Amino acid sequence: MARLNLLEETRFEKLPVTVYKNSKAASLAVAARIATLIKEKQKKGEQAVLGLATGATPVQVYAELVRLHREEGLSFQNVTTFNLDEYYPMQPDSAQSYVTFMNKNLFDHIDIKQENINIPDGTLDQADIPTYCMEYERKISELGGLDFQLLGIGRTGHIGFNEPGSAPNSGTRLVTLDDLTRRDASRDFGGKENVPTKAITMGIGTIFKAREIILMAWSPVKAEIVKKAVEGEMSSDVPATFLQLSDNVEFVLDEGAASDLTRFNTPWLVKDCVWNSKTIKKAVIWLAQTLTKPILKLTEEDYNNHGMAQLATEKGPVYNINIDIFNQLQHTITGWPGGKPNADDSQRPERAVPARKNAIIFSPHPDDDVISMGGTFIRLADQGHNVHVAYQTSGNTAVWDDDVLRYIEFATDFTKSLHLGTEKLETLYNETRKFIAGKKPNQIDTDEIRTIKGLIRKGEAIAGARFAGLPDENIHFQDLPFYDRSKFSKAVSYEDDIVKTMELLQEIKPHQVFAAGDFADPHGTHKVCFDIILEALKRLSKTEEWTKDCWLWLYRGAWHEFEIYEIEMAVPLSPQEVIRKRHAIFKHQSQKDLPVFPGDDAREFWVRAEDRTRETARKYDELGLADYEAIEAFVRWKF
């Protein structure tokens, strides 16, 4: 199952943690445990009572249970389920209801008895909820309690919908949802304003009574809250910390969700570790940042007092280590992101040859290029490289409906000014206005509206790329099919997306490919787009000679930045270049002031971009490097 046993459970972890290579392996293991429980109960002629969770985390578990039922005969006739929670108010046939979710992902595909399914009722009168909740608890108790409880964890630390402030002995009840929880759910509801403010949830005390509790978490997005839940002090501020009181709990994580745990993030604090070049660089930078000292001022005493005595002994003297790490950081800095012509490139992040490179910047949405690497984009064009930009999706989801009407009104008035007929435009306007007036939360736009929204973003992207210095023929709009197709179906093939990307790469034959490596994108588009690029490059590398001289660079910045120890190319920006980048971002007017999907960060995109690049520059300065206005960071990915 690709289970990791790199290090034993540590003194930092206050409950059992099992880490798997990826969420697929972890989900298969959890599903196998549930299946074993069901079979054991069947042999005894007993009911298996399962507490179930919703959300993206358990989807693969449910898919494997469905497979076990269909292909291996696993029966659910002896299974009774109790779901953790449901939004309130909520109709059971709503697309966002947990009834719909459970039916779609599990119940419609197995032989469970309908009367054995229990999901909190989101249609009750509020006055009836307390009695209903007591009955929900009574039904669980009558069956002898939960044999197995499956949990996810929200970024507030909630389990079920037990938000910060919940008591460890709380029972099933109506709760008010935290603002962050509602923001996380906003995409499913077509905006936070449409997310219910309340929910019915099992209490922490109810969850505790389960004989086996498994909390699952995937991806680096959950790493911070997982660390708090596993290693932090118990507090109602992070309800999941109360699981430390249970003898029956286990956290099941993938590598990303476990990445902030001490044994993975700073293993030298746990026990002796293998000191390779990556670990040494990370540890020395961590030490300097922890002590707020430049790298070259770190002493042997600093090493010894912070878990790094083994490193000092094996690789010392420490001053030599300091100089080596300082030089490594120094060599990441370059004002020539396409390589400096006629220069020694042995200590530079990019090759000197060829002097004029073919470069392509892939932008998942029509503004990621200038937001995340606008300064480098402009620098590459200024330095004479053959730069192309490819906008992978239309980005039509992230345009306000009001803008659609405004653009149709403009088109109508402009057409009238030319004394041309406007009958079709006026019909379109009236139909669009009527559709928008009756539009339901998360309802998919009409073809015409999606086209207009895509054209709005296309025009902005062209303006931004031109401002960066590109000729029109170097601006490409891929409009990858998966983006609109995924609005209608989750069962999406990416083959045509990969083929389109291969064709573009083959046309340009780039020496440099820049791709978004910001996988914290809450919509997942960045990761899908990166996987498409990577697969295209892998396929081409089997037959195309030019791929041997092609380097793939990842950029971030839209949602967060690379850690300093990860950075392999750091492109400093002058104050004037920061302003030029800002103006390129300003071309994306539909994303200014308040974008449709701002994520957790209330700042405008241009402010986020400037703050992040200035923060990277500040960290370099504090480590003893030169003091730049801003730095854009890149990591090379070998395919």
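This is a predicted model: local features need pLDDT of at least 70, side-chain atom pairs count only at pLDDT 80 or more; totals for chains, interfaces and linings use all residues.
Biologist: Which interaction do the side chains of Arg-67 and Glu-64 form?

Modeller: A salt bridge is a side-chain nitrogen of Lys or Arg within 4 Å of a carboxyl oxygen of Asp or Glu. Arg-67 and Glu-64 meet in one, at 2.9 Å from N to O. Both residues lie in helix H2 (residues 59-72), 3 residues apart, about one turn of the helix. Helices (H or I, at least four residues) and strands (E, at least two) are DSSP runs numbered from the N terminus.

Biologist: How many salt bridges are counted by this rule?

Modeller: The count is 49. Among them, Glu-250 and Arg-33 pair at 3.0 Å, N to O. Glu-250 is in strand S11 (residues 249-254) and Arg-33 in helix H1 (residues 23-44), so this pair ties together parts that are 217 residues apart in sequence. Glu-250 counts as buried at 14% relative accessibility, and Arg-33 as partly exposed at 28%. Lys-592 forms a salt bridge with Asp-593, with the closest N and O atoms 3.6 Å apart. Asp-593 counts as exposed, at 57% relative accessibility.

Biologist: What is the nearest side chain of opposite charge to Lys-357?

Modeller: For charge, Lys and Arg count as positive and Asp and Glu as negative, while His and the chain ends are not counted. The nearest side chain of opposite charge to Lys-357 is Glu-350, 4.4 Å away; Lys-357 is buried yet has no salt bridge. Lys-357 lies in the loop between helix H14 (318-330) and strand S12 (358-363). Its side chain reaches the backbone oxygen of Gly-338 at 2.7 Å and the backbone oxygen of Arg-351 at 2.7 Å.

Biologist: Where is Thr-262 found, and which residues does Thr-262 touch?

Modeller: Thr-262 is found in helix H10 (residues 262-265) and counts as buried, at 6% relative accessibility. Contact means heavy atoms within 4.5 Å. Leaving out residues up to four places away in sequence, Thr-262 touches Phe-12, Lys-227, Glu-231, Pro-267, Leu-269 and Val-270.

Biologist: Which backbone features deserve attention, beginning with the peptide bond from Tyr-88 to Pro-89: cis or trans?

Modeller: That bond is cis, with omega near -5°, and Pro-89 lies in the loop between strand S5 (85-88) and helix H3 (98-105). Gly-316 and Pro-317 are also joined by a cis peptide bond, with omega about 10°. Pro-317 is in the loop between helix H13 (309-315) and H14.

Biologist: What is the phi of Thr-292, and what is the phi of Asn-342?

Modeller: Thr-292 is not a glycine, yet its phi is positive, about 50°. Thr-292 sits in the loop between helix H11 (277-291) and helix H12 (300-305), and is exposed with a relative accessible area of 70%. Asn-342, likewise not a glycine, has a positive phi of about 55°. Asn-342 is found in the loop between H14 and S12 and counts as exposed, at 84% relative accessibility.

Terms used. Residues are numbered from 1 along each chain as its sequence is written. Side-chain values use heavy atoms; hydrogens and water are left out. Buried means under 20% relative accessible area, exposed over 50%, partly exposed in between (1.4 Å probe, protein chains only). A polar contact is a pair of N or O atoms within 3.5 Å; within protein, one must be able to donate a hydrogen and the other to accept it, and residues adjacent in sequence count only if both atoms are side-chain atoms.
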